[in-house]
Amino acid sequence: MSWRNYFQAKFPQIGVFILLIGIYIINFWLWHLPLIAFLNSTLLATIIFIIYLLFSYTRWRNFQMKCADLEKENARLQKLIEDQSRQTQEFTDIIKVWTHQMKVPLSAIDLMTQTQIDEKELRNQIFTLDNYLKILLEYQRITNLSTDFRFTSFSLSVLTKKIIKKYSSFFIQKGLFVTFEMDEEWILTTDERWFELALEQFINNAIKYTKSGGLTIVITPGSIAIKDTGIGILPEDLPRLFEHGFTGFNGRIQQKSTGLGLYLSRLILDQLDFKITITSKIEIGTTVTIQKNK
């Protein structure tokens with residue numbers, strides 16, 4: 001709030017004062033009044049005007065500061081509204097994608113009720129439905145600004161084996177192997193529940209898109225890599241892999257994916273301060289590496 005800006009704002013008043021002084025000088029000159037009277041009266045008027053400017057400047061500065069605060073608050077509220085609108089639209093898009101995703105296992109279950117129920121396949125479809133429902137619920141929680149994280153230290157190998165055990169029926173059904181490679185344990189300090197959910201989505205995807213062969217889990221202090229021998233991902237699809245609703249060419253061919261799992265995983269790992277790197281070759285496999293940001 002500089003004086004220069006203030007004087008620019010008060011230029012009309014200053015101009016009027018100078019004009020009055022000019023008229024005053026002309027009157028003194030025309031009436032041949034004593035010079036000392038002119039100087040005293042002019043000095044008094046100038047002092048009064050300077051006092052007025054000082055008080056006026058204080059009020060003007062306070063007013064400008066309030067205006068600046070209001071502008072900041074308005075910008076903050078505008079951004080809040082835009083963020084809320086974006087989140088609402090994003091959630092609407094998520095619901096559309098999720099609804100489509102739920103149709104596949106529901107259709108499979110409906111078909112079994114009309115023909116012959118396969119208990120193993122029924123369990124798999126129920127498992128898939130449960131996973132899709134969990135993705136939606138956890139997405140709502142992770143995008144909530146009041147989400148609290150509980151950081152603890154835990155063994156990453158123990159957590160990974162827990163997830164593998166959960167998916168054991170899928171490994172058996174598809175005849176896939178799983179191999180662990182670990183020179184040294186990674187004792188990870190983060191929110192175990194959220195990290196497990198993110199890691200599970202990558203393992204789930206690896207199993208889903210691997211027809212033969214299996215998975216290799218490589219754990220080192222500071223990173224975990226999930227390598228599969230699946231169908232792979234096209235190079236042009238890699239940059240968009242974590243967009244919600246994006247499945248890539250192979251995902252569309254399989255007609256089993258809507259990309260929500262990977263999108264949720266990225267949201268979680270971003271908030272937990274982890275970096276994800278994905279490399280892939282068609283018909284050879286995909287490697288997902290998770291590392292803690294330094």
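## Ground rules

The model is predicted, so local features need pLDDT of at least 70, side-chain atom pairs count only at pLDDT 80 or more, and totals for chains, interfaces and linings use all residues. Residues are numbered from 1 along each chain as its sequence is written, and side-chain values use heavy atoms, with hydrogens and water left out.

Helices (H or I, at least four residues) and strands (E, at least two) are DSSP runs, numbered from the N terminus. Two packed helices are described by the angle between their axes and the distance between the axes. Axes are lines fitted to C-alpha atoms, for helices over the stretch in contact, and angles run from 0 to 180 degrees between N-to-C directions.

## Helix α4 against α7

Helix α4 spans residues 119-142, and helix α7 spans residues 192-208. Their axes lie 12 Å apart, at an angle of about 140°. α4 and α7 are therefore oblique to each other. Angles under 35 degrees count as roughly parallel, over 145 as roughly antiparallel, 65 to 115 as roughly perpendicular and the rest as oblique. The crossing of α4 and α7 is left-handed. That term applies if the near helix is turned anticlockwise from the far one by less than a right angle; clockwise gives right-handed.

Which residues of α4 meet α7? They are Asn-131, Tyr-132, Lys-134, Ile-135, Glu-138, Arg-141 and Ile-142. On the α7 side are Arg-193, Trp-194, Leu-197, Glu-200, Gln-201, Asn-204 and Lys-208. Contact means heavy atoms within 4.5 Å. The residues of this contact between α4 and α7 divide into 5 nonpolar, 3 polar and 6 charged. Here Ala, Val, Leu, Ile, Met, Phe, Trp, Tyr, Cys and Pro count as nonpolar, Asp, Glu, Lys and Arg as charged, and the others, Gly among them, as polar.

## Helix α4 against α9

α4 also packs with α9, at an angle of about 30° and with the axes 10 Å apart. That makes α4 roughly parallel to α9. The crossing of α4 with α9 is left-handed.

From α4, the contact takes in Ile-135, Glu-138, Tyr-139 and Ile-142. From α9 come Leu-260, Gly-261, Tyr-263, Leu-264, Leu-267, Ile-268 and Gln-271. By class, the contact of α4 with α9 has 8 nonpolar, 2 polar and 1 charged residues.

Helix α5 covers residues 156-166. Its buried residues are Leu-156, Ser-157, Leu-159, Thr-160, Ile-163 and Ile-164. They cover an arc of only 160° around the axis, which puts them on the same side of α5. The arc is that of the directions from the helix axis to the C-beta atoms. The face turned away from the buried side of α5 carries the exposed residues Val-158 and Lys-165. Buried means under 20% relative accessible area, exposed over 50%, and partly exposed in between (1.4 Å probe, protein chains only).

The axes of α5 and α7 come within 10 Å and cross at roughly 50°. α5 and α7 are therefore oblique to each other. Their crossing is right-handed. In α5, Leu-156, Leu-159, Thr-160, Lys-162, Ile-163, Ile-164 and Lys-166 take part. They meet Glu-192, Phe-195, Glu-196, Leu-199, Glu-200 and Ile-203 in α7. The contact of α5 with α7 divides into 7 nonpolar, 1 polar and 5 charged residues.

## Two loop residues with positive phi

Asp-273 is not a glycine, yet has a positive phi of about 70°. Asp-273 lies in the loop between α9 (260-271) and β6 (274-281). At 36% relative accessibility, Asp-273 counts as partly exposed.

Glu-283 is not a glycine either, and has a positive phi of about 65°. Its loop runs between β6 and β7 (285-292). Is Glu-283 buried or exposed? At 61% relative accessibility, Glu-283 counts as exposed.

## Distances in sequence and space

Asp-130 sits in helix α4 and is partly exposed, with a relative accessible area of 45%. Asp-130 and Met-102 are 28 residues apart in sequence and 9.8 Å apart in space, C-alpha to C-alpha.

Trp-31 lies in helix α2 (residues 11-31) and is exposed, with a relative accessible area of 66%. Between Trp-31 and Ile-219 there are 188 residues in sequence and 102 Å in space, C-alpha to C-alpha. Asn-205, in helix α7, counts as buried at 18% relative accessibility. Asn-205 and Phe-274 are 69 residues apart in sequence and 19 Å apart in space, C-alpha to C-alpha.
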